[in-house]
Amino acid sequence: MLCKLHSLGLHGITGYLVTAECDLSSGLPNFDIVGLPDPAVKEARERVRSAIRNCGFTFPVSRITVNLAPADRRKGGTVYDLPMLVGILCAGRQLPAPEAGAAFVGELSLSGELRPVTGMLPMALAARAAGLTTLYVPADSAPEATLAGGLTVYPVENVAQLAAHLRGEAPITPAAAWVPAPSGIRGPDFSDVKGQEPVKRALEIAAAGGHNIAMIGPPGSGKSMLARRLPSILPDLTEREALEATQVHSVLGLTTKAEPLLTRRPFRAPHHTISMMGLAGGGTPPRPGEISLAHNGVLFMDELPEFHKETLEVLRQPMEEGRVQISRVSGTEVFPSRFMLVAAMNHCKCGWYGHPSGRCRCTEAEVKKYLGRLSGPLLDRIDLYVEVPPLAFEELSARPAGESSAEIKKRVDAARAVQTARFGPDGPDCNAHMGPRALQDHCALDQACTALMQGAFDRMGLTARSYDRILRVARTIADLEGEVHIQVPHLAEALQYRESAYLRR
């Protein structure tokens, strides 16, 4: 007897449809799995065998062949346990065949309990795209599966419960669509930061336009403190952005039953000892790295020159294209990586170069070597540079709190709303992602601004890339001020945020 069931698989962070063909034939008892299974899939034979027997069914004494189609694509993970079990029982007439348009996904324990699987959201999206209507998934994975929409998701606790449902004895109640609970908690607040008003202004501009920013200052000046409060003023995730970011986290098993969907923009802060593979992604098969986990969020790189130079260089292409391509012998994967880079660094190895206390111990050669890890092409891709000076005693001892994140976020949201209306649903989501045509249409300069930019271009040695980035920042400043056109004050402020003379030494 032959039984065909739908299941789902993962290729990178994208789901695809898999057909599990289960055949029982005469011959010596055997259990074969074909279709390029990896070791985890092959081990399903023992899990399926034990689960069938421990749930009161009879394991067929015959030749069992399971084909996972398409057979030319490697299958990995434990998601095929459930479709194999159901297929074998249906082929042996111990269970009725499920309805058309149903797919089964889940890992089995030896007792027949179902365990959650990773990558449920991209697989559910693939099921919806393939025209399927019903999903049978582990109960802990059901909230995530409902995020795809347009599917009837059945949360299955164990094989016995599923069998009773398929027989019509005790139907399983479909899982309700997961809805995030309202929460006013946004993490650390900007009101905790005393002083540093110019730095807060630069971070507000970066948040409003999605621009990359670098903060330079001595130890203890508040760079990390400011960076970790940036998410509190970023615009809320749209539904599309939340699904895109959640897919990456889902594949890596970072979602939970309680919170299957990202409701806040990701904030990733890798340590400076991270490898190129850890940052960009890799492995066999390729898996996403930190820059993909920061998709639609913030990638905070503290002590930027302490990262290995080769590691920093992998940021260059993703910062331009919003995606990273990982090529290995086993295949090529493309992962999303549209992130906001927030970098923090000291002036030198000891951190005190140029400090009024005069405690710096570094020679000029050591300072140049320290900064030599930062290449010109990487620095050119950062939109705003801001100095974070040490705070005076009067600023630290002052009792009045600074402006709250909620107040800053109102201005950021208003500026983003202007950008959304300007670009439309099919255009870039913020000023930092404007292309050449959008720059031409929305960043035109009048005569006074053109004269200012021409003088700055020659004096500061700007490149074509930095020229475009200055225009994008000026456009964001104009949006914050509620102006339709870029004016001289907006452009002048954008120019002052360009790479400092210290980094060009």
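Buried, in what follows, means under 20% relative accessible area, exposed means over 50%, and partly exposed lies in between, with a 1.4 Å probe and protein chains only. This is a predicted model, in which local features need pLDDT of at least 70, side-chain atom pairs count only at pLDDT 80 or more, and totals for chains, interfaces and linings use all residues. Residues are numbered from 1 along each chain as its sequence is written, and side-chain values use heavy atoms, with hydrogens and water left out.

I begin with arginine 475. This residue is buried, at a relative accessible area of 2%. Its place is in helix α20 (residues 464–480); helices are DSSP runs of H or I of at least four residues, strands are E runs of at least two, and both are numbered from the N terminus. Setting aside neighbours within four places in sequence, arginine 475 has contacts (heavy atoms within 4.5 Å) that include Arg422, His442 and Glu483.

Next, helix α14 (residues 364–371). Its buried residues are Val367, Tyr370 and Leu371. They lie on the same side of α14, because they cover an arc of only 90° around the axis, taken from the directions from the helix axis to the C-beta atoms. On the other side, Ala365, Lys368 and Lys369 are exposed.

Finally, salt bridges, defined as a side-chain nitrogen of Lys or Arg within 4 Å of a carboxyl oxygen of Asp or Glu. The count is 28. In one of them, aspartate 236 pairs with lysine 409, with the closest N and O atoms 3.5 Å apart. Aspartate 236 lies in the loop between α8 (223–227) and α9 (239–251) and lysine 409 in helix α17 (residues 405–423), so the pair ties together parts 173 residues apart in sequence. Lysine 409 is buried at 9% relative accessibility, whereas aspartate 236 is partly exposed at 48%.
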